[in-house]
Amino acid sequence: MKTLKNIFLTVCAVVLLQSCIVSEKPNMAYFSDSGRDFKGAKFVSINVPVFLAKPYIKKALKEDGESEEVINIVKKVSKIKVLTVENGDRTMLKEFASYLNDNNYEDWATIKHDGDNVNVRVKQKGDAIKNMLITVNSDKELVFVDIKGSFTADDISKMINSATDK
């Protein structure tokens, strides 16, 4: 009986951990479905299982001294995708920004930090914000974090204010 239980737990763990997929193919529609040639850009995409990521994010925020309000926003996250692009160029970023505007993403904030630009865009339907895209643009690479959840404008404002205060 104990062996059967261990086998069952092992199978469950393998199935759950398969949801954390790292790939060299882009996991965001613009990059994977556009058919464009991105001229030597190297992609690494990660689909992060939220149930594994939330405890680490909360712990890191607490260690950084974030307020409980900001930490509670993490509870509203339902899906996280990360895409890094090496050797991406400014043209790629401009075309992606145009794509986001065409797909109803609103530019909410741009934060400059140590030479990097952090851009926050949201896709809003009525009062509900279901999708937030954070773009980090440095000289050598681009990082896109696509966060799905159920947020309010106040949640996003608290997060942006927290980031700009530091």
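Valine 122 stands opposite methionine 132 in strand S6. The model is a predicted one, in which local features need pLDDT of at least 70 and side-chain atom pairs count only at pLDDT 80 or more, while totals for chains, interfaces and linings use all residues. Residues are numbered from 1 along each chain as its sequence is written, and side-chain values use heavy atoms, with hydrogens and water left out.

Strand S6 covers residues 128-137 and runs antiparallel to S5, to which nine bridges join it. Strands are DSSP runs of type E with at least two residues, helices are runs of type H or I with at least four, and both are numbered from the N terminus. Two strands are taken to pair if DSSP finds at least two bridges between them. In the hairpin of S5 and S6, two residues lie between the strands, and glycine 126 takes a positive phi near 65°.

Strand S5 (residues 116-125) is also joined to strand S4 (residues 105-113), by eight bridges, and these two strands run antiparallel. Here isoleucine 111 has valine 118 in S5 as its bridge partner. The hairpin of S4 and S5 likewise has two residues between the strands. In this hairpin, aspartate 114 takes a positive phi near 50°.

Helix H5 spans residues 90-102 and contains alanine 97. Relative accessible area was computed with a 1.4 Å probe on protein chains only; buried means under 20%, exposed over 50%, and partly exposed in between. Alanine 97 counts as partly exposed because its relative accessibility is 22%.

A search of the whole structure finds two aromatic pairs. Phenylalanine 96 and tyrosine 99 form a stacked pair, at 6.2 Å centre to centre and with 20° between the planes. Rings of Phe, Tyr and Trp (its six-membered ring) pair if their centres lie within 6.5 Å, and planes under 30 degrees apart count as stacked, over 60 as edge-to-face and the rest as tilted. Both phenylalanine 96 and tyrosine 99 lie in helix H5, three residues apart, about one turn of the helix. Tyrosine 99 is partly exposed, because its relative accessibility is 28%, whereas phenylalanine 96 is buried, with a relative accessible area of 4%.

Phenylalanine 96 also forms an edge-to-face pair with phenylalanine 144, at 4.9 Å centre to centre and with 65° between the planes. This pair links distant parts of the chain, as phenylalanine 144 lies in strand S7 (residues 141-151), 48 residues from phenylalanine 96 in helix H5. Phenylalanine 144 is buried, as is phenylalanine 96. Phe96, Tyr99 and Phe144 form one aromatic cluster.
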